[in-house]
Amino acid sequence: MTARSPRRVVAVRVHEQDDLARACAMALELLPGLLPSTLPAQVVIKPNLCDITAWETGVTTDPRWLGVLARLLRSIRPDVKIYAVEADAISAYKTYRSCDETFERLGFVAAAQEAGINLVNLSRSDTLEVSLAGIPMAVRIPQLFLEEMYFISIANLKLHPYTRITGILKNSLGLITDADRSEFHPHLSVLLSRLHQLFPPDLCIIDGRIGLEGRGPILGRPVRMNTILFGADALDVDETACRLMAIRPGKVAHLRQTAKDLGRDFGEFEVVGDLQPRTFVFDDPEGHSAIAIKFAYRRWLHHLDLFCNRWTGRAIRLRYDPLSFKKSIMAKLAGGQRGL
Amino acid sequence: MGVVGAGVVTERRHILAINGVPEVRASIVVDKDGERARHVAELYGFPHWSTNLEDVVHGSDFAIVAVPNGLHAEVSCQLLSQGIPVLCEKPMARTVEECLAMVEAARRGKAPLAIGHNRRYLEHIRLARQLLQKGLIGEVQNVQAEEGSPTDWPRSPSFFDPQLSGGGALMDVGIHSIDLIRWLVGEFEQVEYSGNGTPQSVESEAELRFRLSTGATGCVMASRTRDLKQKITFEGRDGFLEVGLWDPSLGIRCTKGKAFQNFPRLNAYVPRRPPQDSSFVDQLHHFVSALRGQEELLVTGEEGMAAVSAVCRAYSGAAPLSPARPVGAFTSVSPT
């Protein structure tokens with residue numbers, strides 16, 4: 001750890017699969033400043049519920065996290081309002097999946113009731129479309145995140161055919177409230193970095209008790225890893241997850257992009273605890289390149305489309321409305337790009 | 001339905017709106033200039049045209065009144081008193097007395113009266129209201145509105161005649177901001193005005209400084225000679241909201257909000273729906289729904305009158321600011 005960055009990630013080995021509370025206690029013992037001494041009035045928890053598949057498969061978040069976290073948070077502020085949030089999605093089988101159904105079938109409704117937590121389907125909440133620099137389409141985000149909050153992101157330890165790993169940064173994609181997020185995939189690295197800037201988690205947890213290798217993030221093989229990662233910085237925790245899966249962080253495009261945008265290098269933090277890596281195996285190691293080429297082609301097509309539209313429009317204006325053409329050129333010369 | 005007045009606003013806005021609301025069938029257009037009425041009727045497919053207002057009463061279920069400001073009250077009262085619901089262009093009238101006469105005529109004729117403050121129907125304005133009502137930027141403390149351009153759409157001579165228009169830049173342009181500020185924040189309690197109008201000519205520059213019922217202060221600037229910012233900025237205790245008046249832009253900052261930890265502001269993207277300004281379509285659709293009893297009128301005669309009242313008080317200088325809070329003490333802090 002450098003003197004400049006006293007950031008830490010805690011890796012807790014879990015021997016009793018069910019004892020999440022004990023894992024949290026160990027994490028707090030190893031890193032007492034992991035939780036704040038005071039909390040704002042509301043806390044938002046974002047689990048990873050990317051499909052209707054039980055947590056034991058390594059695909060989704062264990063609903064028992066809600067109760068464990070609720071107890072911890074209320075020990076700091078008894079009157080804190082806690083929300084667990086997720087958005088509707090298009091599943092791996094290309095079918096629409098309502099988040100309400102996911103909450104119900106994965107046991108989150110019962111767990112939330114028991115813990116006094118409100119479940120929020122972000123796709124049905126009030127939203128706001130924002131423009132993000134580097135993303136050609138507007139991004140619809142929940143208005144909830146315009147408010148003050150303490151934000152907890154819980155992800156799983158999984159492989160992903162395109163981004164290579166899922167994790168905390170990738171988990172924020174579920175905060176976009178549109179069910180079909182496929183149009184964003186060609187721009188995923190930049191988008192995930194922007195989303196991290198928009199929704200920086202205050203507490204990041206990667207539940208690696210059971211990881212997922214092979215054809216992640218949904219159709220892979222569960223791997224017992226018995227490790228839970230805790231940290232306050234999403235990039236650090238994701239980088240630690242890479243190490244745990246024996247993947248070079250520099251190979252993960254969205255980690256590279258986020259590090260670049262934050263002006264940081266990899267490895268600027270310390271791992272506390274017991275990290276026992278295991279090589280996670282991709283079923284189709286060449287698949288990543290194929291998808292990357294496909295998305296690069298889509299990005300190129302998109303830029304070409306914009307370029308043609310812009311210049312066709314200008315040519316028409318120049319021909320039929322030279323004054324408007326002059327105005328648009330002047331505006332372009334005078335004004336900057338819209339966006340963040 | 002009938003349209004009274006075949007001028008620019010009818011051609012550019014209301015006819016597009018009529019085409020955008022399938023429940024509405026245009027029956028007649030009336031204008032004192034018969035040639036103009038015939039031209040509009042032929043061009044846009046109105047089956048009848050006339051120079052006689054009575055023809056609207058006999059041939060329509062409701063009417064849009066888009067005549068010069070000075071005729072709003074006279075025309076609307078004639079229609080309302082005969083039971084014809086009216087959607088009257090803004091400003092409602094030139095004076096509060098005329099507004100009262102219209103409200104009274106609506107009551108007597110048992111006919112709904114709506115005022116065309118169309119910007120309330122814009123998507124981004126509605127979104128701004130939602131965000132303000134949630135209290136995201138805290139209590140609004142200051143409002144700055146600026147609208148004006150020398151290249152705004154062409155206006156008829158009546159806009160420049162004090163008798164016919166009732167006022168200049170503030171009455172014609174600034175009243176949009178006044179209505180929005182009332183709707184989004186609160187009632188105008190104290191006003192102070194400066195402008196370059198004379199008894200013979202309306203003002204081309206206007207500045208209205210005010211204090212609202214909520215305690216918020218601010219300024220509305222309207223101009224026909226300068227390019228202004230074309231936006232309203234609401235500055236709250238915990239952030240600000242910047243609302244575009246000519247484009248559907250919405251900038252927001254909530255100091256404590258999670259999304260603003262790394263960004264000084266967010267620019268909301270509000271897509272335009274065709275026609276380019278769909279607010280007139282939504283306004284007409286809402287009016288029809290209200291006539292059918294499906295919705296409450298959004299901009300009633302009383303609402304329109306309150307906006308006119310603020311302008312008239314400004315012109316008359318009848319409500320000066322309290323000495324304890326002179327104009328110079330009003331703060332205008334731009335968002336950072």
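In the predicted model, the contact between the two chains draws 15 residues from chain B and 19 residues from chain A, two residues being in contact if their C-beta atoms, placed from the backbone, lie within 7 Å. On the side of chain B that touches chain A, strand 13 (249-254) and strand 14 (266-269) each supply at least two residues, and strand 14 of chain B gives the largest share, four residues; helices (H or I, at least four residues) and strands (E, at least two) are DSSP runs, numbered from the N terminus. This side of chain B comprises eight nonpolar, five polar and two charged residues, where Ala, Val, Leu, Ile, Met, Phe, Trp, Tyr, Cys and Pro count as nonpolar, Asp, Glu, Lys and Arg as charged, and the others, Gly among them, as polar.

Residues are numbered from 1 along each chain as its sequence is written, and chains are lettered from A and ligands numbered from 1 in the order in which they are written. As the model is predicted, local features need pLDDT of at least 70 and side-chain atom pairs count only at pLDDT 80 or more, whereas totals for chains, interfaces and linings use all residues.

Chain B itself is divided into domain 1 (2-118) and domain 2 (121-271 + 301-310 + 317-329), with bounds that come from an automatic or database domain assignment. The centres of these two domains of chain B, taken over C-alpha atoms, are separated by 27 Å, and their contact involves 21 residues from domain 1 and 20 residues from domain 2. On the side of domain 1 that touches domain 2, helix 4 (69-81), helix 5 (96-109) and strand 6 (113-116) of chain B each supply at least two residues, the largest share, six residues, coming from helix 5. By class, this side of domain 1 of chain B has 13 nonpolar, six polar and two charged residues.
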